[in-house]
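Please look over the model shown below, with attention to its overall organisation, its helix packing, its aromatic pairs and several individual loop residues. The briefing that follows takes these topics in turn.

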Amino acid sequence: MARTAEPYRFFAFWRPSGARPLERLVRCVDGLFDRVYSSAYNPLYRTGTLAALCLAVTLVTGVYLLFVYEVGRPYESIRAIQGDVALGRWIRALHRYASDAAVLAVALHVLRVFLQGKTWGPRTLAWVTGLVLTGMLFLSALTGFVLVWDAFGQKVAVAGARMLRLLPLFPEPPDRSFVGDRPVPSQFFFMNLFLHVAVPLGIIGVLWLHTARLARAAWFPERKVVWGTLAGLIALALLWPAPLPPAADLLTIPGRVATDWFYAFWVPIAAAPAFALSGGTVLGLLFLAAPWWLRPGAAGRPAPAWADPDVCEGCQQCSLDCPYDAIEMVPGQHPEKYPLRASILDDRCVSCGICAGSCASLAIGPPARTARHQLASARQLLAERPESPKRTLIIPCRNNGEVAGAAESRYGTDGRADLLAVECAGTLHPATVAYLAAGGRPHPRGSEAGDPRPDRAPVGEGSPPLDGRVATDRGGRGRHRGLDPALSEASAWHSARTGTRAERGPARPPGPGQPLAAGG
């Protein structure tokens with residue numbers, strides 16, 4: 001890796017064709033939720049972990065319902081639960097509403113992943129297992145509706161049996177059990193009960209596989225989000241009990257009944273079972289095959305990071321910071337001096353650039369997007385603006401259009417500030433901060449336009465890596481040798497203030513002498 005470098009070259013990460021309008025709409029909705037919850041607790045950035053939390057709620061409430069449910073008299077036992085105002089009614093409602101919230105969170109999670117183009121390459125395993133999890137979630141929920149054996153459960157069972165009849169899997173057409181000439185056998189409810197219990201337990205194993213390639217997988221959101229979500233679900237369960245339609249009657253055609261459209265949207269289509277089954281199969285196969293047919297061409301795929309074996313000192317910090325476990329430590333090129341060196345696992349690397357911001361020796365990073373290139377851009381900025389040391393410098397995240405756009409419109413057009421964009425806050429190298437501080441900025445205290453939203457980062461993790469890298473010594477491992485000891489003071493503001501006013505930006509324009517502001 002050359003000792004000098006050209007300025008940083010941003011990579012245009014791929015997005016699905018035609019997804020830009022929908023992505024802009026999602027960003028607008030994100031902004032509205034930011035104003036209500038702040039970006040630090042916006043539920044739209046935590047859809048995956050919220051889905052897991054809702055699954056946990058259904059498992060806990062399901063244990064109670066399992067003990068009071070009777071397979072031999074399904075509707076009567078549910079009616080008794082519904083009549084128990086003190087306990088059974090709201091626990092059943094909580095079980096129902098948590099499952100609805102789970103499928104809503106999953107749908108939003110799939111939409112966000114799709115719009116960000118995170119469906120191919122190293123993320124193929126996560127995409128495919130995510131679709132498997134979605135199917136398992138629907139199977140578990142639909143068997144639960146059937147177990148109630150009310151008019152809605154009857155509609156779900158009959159519609160599903162008509163579709164299953166088209167498959168050569170059963171010795172007798174399954175829909176014959178619902179013609180009304182004889183009672184539905186208890187074995188039918190026992191089978192549904194078994195699936196309703198076993199499938200969620202299987203979801204736990206698939207969820208582990210779903211997050212297996214993440215170095216710091218979080219299954220649940222932040223504590224405040226957890227408590228807020230639980231409080232909202234419990235309040236809804238207490239104030240709005242889950243409906244209980246009339247008991248199933250196979251001798252009548254159910255009329256209009258309370259329907260859970262989150263899971264039963266397909267029931268009207270099942271009136272044409274062949275069309276519903278074939279359409280669902282084709283749609284499912286298209287989604288499963290998305291990593292192979294919906295991906296960029298060779299020119300649109302970012303090259304993986306590369307580590308210079310002659311420069312790498314084997315500090316292991318890049319390996320610790322990598323979000324995808326894409327860096328392994330192998331015997332060093334110069335074992336007498338540095339026993340280890342970093343080696344990139346190309347099949348796992350997403351070219352996020354987090355490693356470039358971690359390396360004290362500037363030995364690693366994606367092509368043309370290393371810390372050396374970032375420093376070259378900083379040198380170019382100071383060379384083009386000799387008066388820059390007297391002005392504010394804002395370092396926004398280039399991939400966060402709101403932050404970068406607001407910074408440009410407020411301060412970049414009237415000459416009050418200079419902008420040095422980075423690809424992600426996690427790619428900002430301490431050497432860049434130290435270099436800018438040395439250029440007349442020894443005590444940066446400006447207002448930042450931060451963005452702690454890792455779910456918004458298309459390739460990185462948002463601000464958390466920068467917080468640990470710059471604002472602390474990371475347990476003694478994170479000090480970058482050769483940098484000014486004032487680096488922590490020059491950057492500590494980031495960790496202390498991130499997530500409070502990220503969406504609104506500075507309260508007032510920073511003046512001269514307030515030279516450094518960053519975010520992303």
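Among contacts between residues at least 6 apart in sequence, 79% join residues at least 24 apart, a contact being defined by heavy atoms within 4.5 Å. This is a predicted model, in which local features need pLDDT of at least 70 and side-chain atom pairs count only at pLDDT 80 or more, while totals for chains, interfaces and linings use all residues. Residues are numbered from 1 along each chain as its sequence is written, and side-chain values use heavy atoms, with hydrogens and water left out.

**Overall organisation**

- The secondary structure of the protein comprises 19 helices and 7 strands, where helices (H or I, at least four residues) and strands (E, at least two) are DSSP runs numbered from the N terminus.
- Of the 520 residues, 50% count as buried; buried means under 20% relative accessible area, exposed means over 50%, and partly exposed lies in between, with a 1.4 Å probe and protein chains only.
- The protein exposes about 24900 Å², of which carbon and sulfur atoms supply 64%, with accessible areas taken from the Shrake-Rupley method with a 1.4 Å probe and, for residues, only the protein chains shown counted as cover.

**Packing of α3 and α4**

- Helix α3 (residues 74-83) and helix α4 (residues 88-115) have axes that come within 5 Å and cross at roughly 110°; the axes are lines fitted to C-alpha atoms, for helices over the stretch in contact, and angles run from 0 to 180 degrees between N-to-C directions.
- The two helices α3 and α4 are therefore roughly perpendicular to each other, given that angles under 35 degrees count as roughly parallel, over 145 as roughly antiparallel, 65 to 115 as roughly perpendicular and the rest as oblique.
- On the α3 side the contact involves I78, I81 and Q82, which meet G88, R89 and R92 in α4.
- The residues of this contact of α3 with α4 divide into 2 nonpolar, 2 polar and 2 charged, where Ala, Val, Leu, Ile, Met, Phe, Trp, Tyr, Cys and Pro count as nonpolar, Asp, Glu, Lys and Arg as charged, and the others, Gly among them, as polar.

**Aromatic pairs**

- The structure holds 11 aromatic pairs; rings of Phe, Tyr and Trp (its six-membered ring) pair if their centres lie within 6.5 Å, and planes under 30 degrees apart count as stacked, over 60 as edge-to-face and the rest as tilted.
- One of these pairs joins W149 and F188, whose ring centres are 6.0 Å apart and whose planes stand at 65°, so the pair is edge-to-face.
- Because W149 lies in the loop between α5 (124-148) and α6 (151-164) and F188 in helix α7 (residues 186-210), the pair ties together parts that are 39 residues apart in sequence.
- W149 counts as buried at 10% relative accessibility, and F188 counts as buried at 18%.
- W149 also forms an edge-to-face aromatic pair with F189, at 5.4 Å centre to centre and with 80° between the planes.
- F189 lies in helix α7 and W149 in the loop between α5 and α6, so this pair ties together parts that are 40 residues apart in sequence; both W149 and F189 are buried.
- F138, F145, F152, Y263 and F265 form one aromatic cluster.

**The loop between α1 and α2**

- N42 is placed in the loop between α1 (20-37) and α2 (47-68), and at 0% relative accessibility N42 counts as buried.
- Not counting residues up to four places away in sequence, N42 touches D30, F33, D34 and Y37.
- S38 lies in the loop between α1 and α2 and counts as buried at 17% relative accessibility.

**Positive phi values**

- Most residues other than glycine have a negative phi.
- S38, although not a glycine, has a positive phi of about 75°.
- Q316, also a residue other than glycine, has a positive phi near 75°; Q316 is found in the loop between β1 (306-307) and α12 (317-321) and counts as partly exposed at 36% relative accessibility.

- P335 lies in the loop between β2 (327-331) and β3 (340-344) and is exposed, with a relative accessible area of 52%.
- P335 and E313 are 22 residues apart in sequence and 9.8 Å apart in space, C-alpha to C-alpha.
- R9 is found in the segment before α1 and counts as exposed at 58% relative accessibility.
- The C-alpha atoms of R9 and S377, 368 residues apart along the chain, are separated by 9.2 Å.
- R9 touches A368 and R369, not counting residues up to four places away in sequence.
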